[in-house]
Each structure stands twice: as structure tokens, then as C-alpha cells.
Amino acid sequence: MLPPLNIVKAGLRRTTEALAVELALSRPGGATPPWSELEWQLAAAVAAAHGVSPLLSQCSTWQRPSWRRFLDSQREHVELRHRRIVTLLQRIDAAARAAGLAVVPLKGSALHALGLYAPGERPMADIDLLVRESDAAATIALLQELGYVESFVQWKHRVFKPAEGAPVPGLGEHRDTPVNIELHTRIQERLPVSTVDITGRIHPRVPQAGLNDYPSTGALMSHLLLHAAGNICGRSLRLLHLHDISLLATRMVAADWDVLWEAAEPPWWALPPLRLVARYYRNAVPDAVFARLERDCPRLLRTVSRRQTLTRVSCSELWLHALPGIEWSRSVGEVGRYVRNRVRPTEEAIRERADMVRTQLWLQDQSWVTTNHVRRILTWLTRPVPRMDTLYAVRAALDSATPAP
């Protein structure tokens, strides 16, 4: 049985901010927090939800046996799963070379290829691949030959899953969880209704058959920042996203940062994620970058981003928001479109919701997600509504908790 949700909410905030500091500072000899049993269970839920359990197993100095066992177990599962992902990427590379297709592995795959993470340090929920629109059909055929079937389609990507295998319920990473593939032909985010598209700077300048790197470190950073911006807008940022950006930033020089400004439209969306990085990872981002981004970012978003914390823009914020990310709107017209879409979802949004209910473990058997939309709005207006993804992680942590020694 869940504790009172107000207690869960407070515990999630406390443990999230503590874990962010612990990971960012990596301080040897830091004191073990005097948390209650519930707070340690919530810390496990937060570490799993934010994808940082294996990283904490390397840097956290908190000496609590059950906590150490959980972190070490997560690192082991991530390392075993990483081996499967590497093998799959090798098969994709060989098949793409044979078919004459240029494919760009995105985000986590690219960070591993750069050596920013060792096997077992960074979990990957799936493999993200970018191909040109003209190569999409051939790439889909390639994935089918590798034993994959299409699971669902979103406006951002197509999701493919292995023909055999099923998700493993429980807390955090599991070595046997199927490796899904997300196939992209565009790199874009809706913030919150207008689309920002940076595909042109992600495609390789001289594509080769097989797997290709990002054209530059700055291009990879652009993608990480836009992805983080989309997650902040949707209140789904993870601590892992901030850690990715901070690690890559340490490798960048001024010319790498200049790539952010290569497109015709200035990168107004990059300021909020970088401010969150700077909140926890001090000195990771040069002051000159902030000075340029301050001029690009709309005033309201610039002001709101000064007060944001990881908890407030992630699943660690327990309550659902009726209008998440409305501060990212850049005009009165965008505000109107956003509110209209929230009140009366588009057919596309309805289909995506149905696909999520069908394919995501944390949404199955939850009456809230299948309730009539008008009724959900009325519920929002009368009482706080908890997030289903957060409650799934919390319940899994409570179910898997071992008694304190």
C-alpha cells in the first residue's frame, strides 16, 4: 500500500535533489543521508527513473548495504544489456553497409562511441537511428530482416521491437528487457506546439554506407540540448540527460559551441537545459555561451528557467500539470493553439495516447489513462492527480525493497 501521496511527493523532491548533487559533485567521503526507510526506497525509485543507478554505483559514497546492493545490481544489468546493444549495432552496421544505407546512431550510442561512458555506466532504453527520408523504406526492410516488427508510430519516430520477447516488469534496468529501435528521419521537438527541426546539422556531411558519426561534437551537443529542451517542456527530463550534457561540454572548445548558432534561427531553446546543467554541474558551461543564449531566449522562458530545478521538470514532480510547458510558447497564438490542443486533443494525439497505453508497462491496468478526456480535465480542476510513470517506479521500489539491516 502506498504511503500518503504528500509524503511521497516530499520524499521524491528531497531524494532527487540529493542524488543530483551526489552525482554532480562525486564527493569522496560524503555523509550518508539520515533518511527513513521510505526515503531510501524513494531514492531507489528516483535513481532508476532518472537512469543514474549504474553511475551512482561508481561515485556514491553512501554506505548503506541495501542501497549498495541495488546500485551494483543495476550496473551489472546495464553492462550485460550493453553487450547486447553493441552486438546489435554491429549487425545493423553490417546490414547497412551491404544495403548501401547511411545510418547515424544517436545520443547514447554516440556518447559511448566517444568513450564518455564505459560499458555498464549508462543505460540505454533503446537504440535511436537517423536515416534520410528517402532511405526509410529500405531501413525498415533491413530492421525486419534483423527480426524486428513495427510497434507504433509517433510524429517524431517509428518504434520497432523484437518479434520475440517482452518487457520485464520491476524497478530499473534488466538485462533481458528487449532492445527496441527508434527510427528517425527528422530530429525535431515541439516546444510546445511549434516544431524546432535541426535535422540538417545532424546528417553526416559525407555519408558512408553503414554507421556514421555525428558531423561534429557541436552537432551532438545541439541534439542533446534540443532533446533535453523537449523533455523539460513535457516535464520528463532525466538526471542522465544533464550528466550527458555536462560530460560532453568538458570536451568542447569555443568553435564547438558555435555550431549551435549555425542555423538561421538562433538556439533560443538551449538556455533552459544549460541552466539546469549549471545548477548542478558548476563550471561545465562557459559564461560566454550563457551570454549569447540570454539574447536568444524569450523573456518569459528566460525568467522561468532561472527558478527551475530537476524535480520541477521531471517525473520526480509527482503531480500532473494541466498545462505543462506553456511557458515555452513564444506568442499569444502559440498559447491559444496549445490550450486548444489540451482541451480538445488532435486525432494524432489520441492515437499516440492509445499506442502508449498499449505498449508501456507503467500505463497498463491504470484507469486514469483510459478515462474520458472531459472527465480527466474535471479531475485536474478539482484535485491533484499523480503521474502514472512516477507511481509505477515508486510501487516497484516499495515492492522490491529489502529490510534494513
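Reply: The protein chain has 17 helices and 8 strands; helices (H or I, at least four residues) and strands (E, at least two) are DSSP runs, numbered from the N terminus. The radius of gyration is 21 Å, close to the 22 Å that the globule rule gives for 405 residues, so the protein chain is as compact as a globular protein of that length. That radius is taken over C-alpha atoms, and the globule rule is 2.2 Å times the number of residues to the power 0.38.

This is a predicted model, in which local features need pLDDT of at least 70 and side-chain atom pairs count only at pLDDT 80 or more, while totals for chains, interfaces and linings use all residues. Residues are numbered from 1 along each chain as its sequence is written, and side-chain values use heavy atoms, with hydrogens and water left out.

Of the 405 residues, 53% count as buried. Buried means under 20% relative accessible area, exposed over 50%, and partly exposed in between (1.4 Å probe, protein chains only).

Now the core itself. A nonpolar core is a set of buried Ala, Val, Leu, Ile, Met, Phe, Trp, Tyr and Cys residues joined through side-chain atoms within 4.5 Å. The largest one has 86 residues, and Trp67 and Trp269 touch the most other members. Helix α7 (residues 217-233) gives the most to this core, with 10 residues. Apart from it lies another core, of 20 residues, among them Leu88, Ile92, Ile140 and Leu142.

Contact means heavy atoms within 4.5 Å. Not counting residues up to four places away in sequence, Trp67 touches Leu19, Trp40, Ala43, Ala44, Ala47, Leu56, Ser60 and Trp62.

Leu89 lies in helix α4 (residues 65-99) and is buried, with a relative accessible area of 15%. Leaving aside neighbours within four places in sequence, Leu89 is in contact with Pro105, Ser109, Ile127 and Leu211. Of these, Ile127 is 38 residues from Leu89 in sequence, and their C-alpha atoms are 8.4 Å apart in space. Across the protein chain, 74% of the contacts with a separation of 6 or more are between residues 24 or more positions apart.

For contrast, take a residue at the surface. Arg282 is found in the loop between α10 (271-280) and α11 (287-296), and counts as exposed because its relative accessibility is 69%.
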